[in-house]
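Work through the exercises below with the model open. Each task is followed by a solution in steps.

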Amino acid sequence: MKKIMYGLVLAMVPLINTAAENEVKVTGRLLELFWEWRQKTDVWKDQYNYTHEGKEKTCIIERHKVTDDKGRLAGRFLRIRDNTEEQQTLQREIYHSTHDKLTGVYNRTGYDLIMGNTEQKISCMIIMDIDYFKEVNDTHGHTTGDLVLKKVTEIIKRHFRSDD
């Protein structure tokens, strides 16, 4: 019976912090994942979040199998790739698509997304009309109008909890 080789590639992303407790924590968790994945026979992919030098990082860990020229399993390896920048870009894009650019409050897309991802169907949406706002814009300009909208939003937000 041919022995199957297992490999763990750590050099592709600097996962191990310089602090000893973080080094043990990260290395230990990766070894746990490796042995867990070793038992599986299919290709596998997951995202792993960790802290490196005080910064939140994200990496993709993929498990691949290696076959010989006859298609038989010859070994497996893990590929670890830092995708922190991709995740940060994605989070920024999600934020910009779900929040009003001027005030930073949820827009209709954000509301729909939240309601689609929750089992709680009781909700509230505030629709406001600022009396004589057109006059503010016409008399004092759009820059002043923008400041008024921001200030009104700040005042309203102060009366809500952070998770509302």
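Buried means under 20% relative accessible area, exposed over 50%, and partly exposed in between, with a 1.4 Å probe and protein chains only. The model is predicted, so local features need pLDDT of at least 70 and side-chain atom pairs count only at pLDDT 80 or more, while totals for chains, interfaces and linings use all residues. Residues are numbered from 1 along each chain as its sequence is written, and side-chain values use heavy atoms, with hydrogens and water left out.

**Exercise 1.** Find the salt bridge partner of Glu86 and classify both residues by accessibility.

Solution.
- Step 1. A salt bridge is a side-chain nitrogen of Lys or Arg within 4 Å of a carboxyl oxygen of Asp or Glu. A search of the whole structure gives six of them.
- Step 2. The partner of Glu86 is Arg81, with 2.8 Å between the closest N and O atoms.
- Step 3. Glu86 has a relative accessible area of 45% and is therefore partly exposed. Arg81, at 25%, also counts as partly exposed.

**Exercise 2.** Locate the salt bridges of Arg108 and Lys134 in the secondary structure.

Solution.
- Step 1. Helices (H or I, at least four residues) and strands (E, at least two) are DSSP runs, numbered from the N terminus.
- Step 2. Arg108 pairs with Asp112, the closest N and O atoms lying 3.0 Å apart. Both residues belong to helix α3 (residues 108-116) and are four residues apart, about one turn of the helix.
- Step 3. Lys134 pairs with Asp138 at a closest N and O distance of 2.7 Å. These two are in helix α4 (residues 133-140), again four residues apart, about one turn of the helix.
- Step 4. Arg108 is exposed at 55%, whereas Asp112 is partly exposed at 39%. Lys134 is exposed at 60%, and Asp138 is exposed at 55%.

**Exercise 3.** Is Thr84 buried or exposed, and which residues does it touch?

Solution.
- Step 1. Thr84 lies in helix α2 (residues 84-98).
- Step 2. Its relative accessible area is 8%, so Thr84 is buried.
- Step 3. Contact means heavy atoms within 4.5 Å. Leaving out residues up to four places away in sequence, Thr84 touches Glu56, Lys57 and Thr58.

**Exercise 4.** Describe how β3 and β4 pair.

Solution.
- Step 1. Two strands pair if DSSP finds at least two bridges between them.
- Step 2. Strand β3 (residues 55-67) and strand β4 (residues 73-82) are antiparallel over nine bridges. Ile61 has Ile80 in β4 as its bridge partner.
- Step 3. The two strands form a hairpin with five residues between them, and Gly71 in the turn has a positive phi of about 85 degrees.
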